[in-house]
Amino acid sequence: MPSTPRSKRPANSGQRTTTAPLATASTSDEKVRTGHSPEAIEQDIRDNLYLIQGRVPRTATKNDWYMAVAYTVRDRILHRWMQTIEAFIGNQEKSVSYLSAEFLIGPQLGSHLVCLGIQDQVRDAVTKLGQHLDELLEQEEEPGLGNGGLGRLAACFLDSLASLEILGVGYGIRYEFGIFDQEIRNGWQAETGDKWLRLGSPWEVPRPEIEFPVGFGGHTEHWVDDAGKYRVSWVPDRTIRGVACDVPVPGYRVNTVNLLRLWKAEASEAFDFQAFNAGDYWRAVEEKVGSENITKVLYPNDEAIRGKRLRLEQQYFFVSCSLRDLIRVQKLRGHDLRTFHTTNAIQLNDTHPSIAVAELMRLLVDEEGLEWEEAWSITQKTLAYTNHTLLPEALEKWSLPLFGDLLPRHLEIIYEINRRFLDDVRARGVVDDAAISRLSIIDEAGTKYVRMANLATIGSHAVNGVAALHTELLKRDVLHDFAALFPEKFLNVTNGVTPRRWVVMSNPQMSSLITELIGDAWAHDMEDELPKLERFADDRSVRMRWAAIKRANKERLAAAIKQRTGIVVDPSSMFDIQVKRIHEYKRQHLNILRVVAAYQRIKRAPKADVVPRTVIFGGKAAPGYFMAKLIIKLINSVGAVVNDDPDVRGRLKVVFIPDFNVKHAHAIYPAADLSEQISTSGKEASGTGNMKFSMNGALTIGTLDGANIEIREAVGAENFFLFGLTADEVKALKSIGYNPRRSLDTDEELRHALDLIHAGAFSPEDPGLFRPFVESLWYHDEYLVLADFQAYSRCQDAVDEAYRDQDEWTRRSILNVARIGRFSSDRSIREYAAKIWGVRPVAVKI
């Protein structure tokens with residue numbers, strides 16, 4: 001845990017001027033640094049502009065002003081942070097450590113203003129200084145420390161941990177270049193570097209004194225010590241340093257400030273003077289460059305063996321640093337390592353940190369001298385594993401040669417874990433060789449692999465899915481053998497999202513109206529408080545105000561779309577939005593196929609009475625994922641034709657918003673009329689975008705997949721547009737041999753849409769461009785796009801009819817918000833705390 005705040009600055013230091021005086025003797029330093037009045041905040045901004053940025057107002061840039069305001073807010077957070085550390089060190093309560101390869105935390109300034117409740121005071125202070133707060137908020141670079149839902153969920157969970165006053169730390173990687181920035185060039189995705197650190201980050205607190213050596217490669221040495229105990233020592237052939245960088249995570253309107261600790265890789269020796277003096281300038285810095293590559297970029301392309309090696313290095317690096325840090329803190333708090341599991345709950349966010357099972361055993365047995373059985377008991381009681389996927393390719397596994405070369409001691413430990421586990425399995429009466437093979441950590445079929453999901457399941461005391469359906473499929477299919485043997489391990493905790501960022505901050509007008517109607521407790525107790533809103537759904541005056549707020553949000557997004565794409569959209573049209581990672585199972589191509597079919601309808605009957613619709617897409621494709629990038633190109637190509645066709649006359653528009661991220665999402669979710677959650681049933685673990693849309697009053701069109709099922713149950717079937725095959729129907733159809741061509745025989749509209757794309761109607765400069773896309777559907781259709789198309793198209797017709805009655809649509813929008821409270825991440829964290837971690841809130845007093 002961090003130990004000291006930023007150095008205190010003397011109030012009378014620096015050059016005084018009449019335009020921006022420093023704090024005077026009559027203003028106490030504590031008040032200026034921690035006070036919430038506009039006057040104290042204004043003075044602290046002036047001080048920080050002078051003493052940290054080294055600027056006077058006349059020469060200050062927008063970034064200088066942003067940094068000064070950010071440091072001013074950070075002052076108030078650090079005051080609470082230090083008190084939280086005192087509470088942590090001084091009590092015996094168990095704390096939570098959340099290990100995740102991603103933390104998509106988003107811009108921090110606006111979120112912190114919400115949590116501290118000082119938006120109005122800061123706005124007043126900034127205005128008096130001649131600046132505009134909205135412009136300064138826009139100035140902030142977004143840390144690209146995650147790829148999508150996994151990282152955003154982790155950030156929501158940190159917010160809820162702090163808001164519920166549960167002591168916790170997030171552990172991850174300080175990527176120098178996070179998820180790439182996305183540009184659209186000639187309709188194609190182009191990746192550019194995410195330079196989020198180029199102007200510095202005011203939220204980081206470097207901890208160079210907290211560092212740990214992390215080894216790779218080498219060999220192991222085995223011997224018996226003087227006490228007759230069998231010992232093993234790992235002798236790495238390469239060692240780097242992991243250095244801590246801390247980011248504070250304040251809770252909402254409480255004193256608790258938790259911690260996100262990110263690890264940065266540095267060379268053990270950054271500069272080789274002998275090589276430099278000999279004229280070998282590259283070798284002089286080779287170790288520095290090679291070591292720092294480990295935290296250079298989020299998710300290197302792992303198609304080649306070098307990419308796979310780097311990815312495994314990343315995962316072990318941050319896990320090793322995190323576990324060593326927890327052992328350090330355990331000793332700092334005066335606790336015996338044998339009670340590690342009583343003071344620490346460690347949650348593994350998917351398989352990326354699952355090497356923690358072997359690493360914690362190595363640390364306890366090899367370095368701390370515990371016996372194997374005791375160390376294994378501690379490891380299992382400490383660790384818990386969240387599975388986030390049903391896709392086989394996403395369940396990580398590493399080839400034995402790669403794993404053994406990089407982590408030889410860990411492979412030995414995994415072999416021993418596996419031997420003991422399979423002996424136990426056989427002792428339980430399992431004699432089926434196929435079942436034992438599936439349960440084994442080592443995949444013996446063909447090229448041998450280490451199965452990380454199996455390792456995480458065996459080494460954890462709890463395994464949870466993230467939606468009711470996902471958990472059932474996890475137990476039925478992916479981890480069936482484990483669930484049959486250890487049913488007590490498996491449970492469900494449905495995901496949630498934080499209402500602080502995704503409603504209070506993103507949708508301030510709607511938040512104000514809700515607060516006016518039911519009070520302000522809903523922001524930290526959605527499940528109990530939001531249902532009070534339901535009675536206002538039948539109040540016409542409330543519906544009118546609600547609709548006006550939605551219109552204003554749509555106008556805000558329309559302005560952003562024009563600025564970023566040049567496309568003019570009509571805010572009075574239905575905003576039909578699908579924003580998420582581009583992947584075939586998420587079925588953005590089902591959506592764009594329906595757009596092509598709707599376009600054909602208009603072309604056949606240009607004077608038809610059509611409900612105006614703006615179809616908005618956003619999301620990034622993995623750089624090496626050809627089909628996903630082709631889908632982005634198709635969306636843009638269809639938009640180029642449809643948007644400029646005079647027959648359409650603006651009644652149908654297609655927009656692809658580039659570089660979808662947290663900052664851009666703030667304007668997108670509140671503006672949606674319709675939320676597209678159309679993944680193939682049984683493929684989406686949970687989804688969290690579906691929750692954000694519903695919290696902001698969008699109605700959903702979707703399949704019975706992931707958390708859609710629970711959302712539909714919560715908001716009411718009549719307020720959810722349902723279509724498509726169920727997970728069981730998908731499985732049954734595939735088991736008998738799915739032939740996608742049969743769907744074409746019964747759906748002329750679908751056949752014509754695909755023929756149009758295949759013939760080059762949307763790519764006249766290259767008629768064959770989209771043939772791989774069409775032919776993949778004709779002959780394979782892995783995610784049953786064609787099988788679900790007709791049901792989807794008919795459901796969209798029902799959406800059109802419902803949207804014609806704007807007043808009724810608004811009523812249903814209010815009901816969506818009133819009934820969505822259980823999908824707050826606060827509820828998720830309460831369930832983790834009670835069912836898995838066994839932790840309690842600790843009030844922090846100032």
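Mentor: On a 1 Å grid over the protein atoms alone, a cavity is a set of points where a 1.4 Å probe fits but cannot get out, whereas a pocket is an open set with protein on both sides within 12 Å along at least five of seven lines; a lining residue has an atom within 4 Å of a point. The model before us is predicted, so local features need pLDDT of at least 70 and side-chain atom pairs count only at pLDDT 80 or more, while totals for chains, interfaces and linings use all residues. Residues are numbered from 1 along each chain as its sequence is written, and side-chain values use heavy atoms, with hydrogens and water left out.

Trainee: What makes a residue part of the lining of the second largest pocket, and which residues lie nearest its centre?

Mentor: An atom within 4 Å of a grid point is what qualifies a residue. The lining holds 26 residues, and Leu-390, Pro-392, Leu-395, Asp-477 and Val-478 lie nearest the centre. The volume of this pocket is about 690 Å³, where grid points are joined across faces, edges and corners and the volume is the space filled by probe spheres set on the points.

Trainee: Which helices each supply at least two residues of that lining?

Mentor: They are α17 (452-459), α18 (468-478), α19 (480-485) and α29 (727-735). Helices (H or I, at least four residues) and strands (E, at least two) are DSSP runs numbered from the N terminus.

Trainee: How do the lining residues divide into nonpolar, polar and charged?

Mentor: Eleven are nonpolar, four are polar and eleven are charged. Ala, Val, Leu, Ile, Met, Phe, Trp, Tyr, Cys and Pro count as nonpolar, Asp, Glu, Lys and Arg as charged, and the others, Gly among them, as polar.

Trainee: What does Ser-825 touch, apart from residues up to four places away in sequence?

Mentor: A contact means heavy atoms within 4.5 Å. On that basis Ser-825 touches Cys-156, Phe-157, Ser-160, Gly-496, Val-497 and Thr-498. Its C-alpha atom is separated by 10.0 Å from that of Ala-155, 670 residues apart along the chain.

Trainee: What makes the pairing of the side chains of Ser-825 and Ser-160 a polar contact?

Mentor: A polar contact is a pair of N or O atoms within 3.5 Å; within protein, one must be able to donate a hydrogen and the other to accept it, and residues adjacent in sequence count only if both atoms are side-chain atoms. The two serine side chains are joined at 2.6 Å. The side chain of Ser-825 also reaches the backbone nitrogen of Thr-498 at 3.2 Å.

Trainee: Which backbone oxygen does the side chain of Gln-314 reach at 3.0 Å?

Mentor: That oxygen belongs to Ile-294. The backbone oxygen of Val-297 lies 2.7 Å from a polar atom of the Gln-314 side chain. Gln-314 lies in helix α10 (residues 305-332) and, at 3% relative accessibility, counts as buried.

Technical notes:
Buried < 20%, exposed > 50% of the residue type's maximum accessible area, 1.4 Å probe, protein only.
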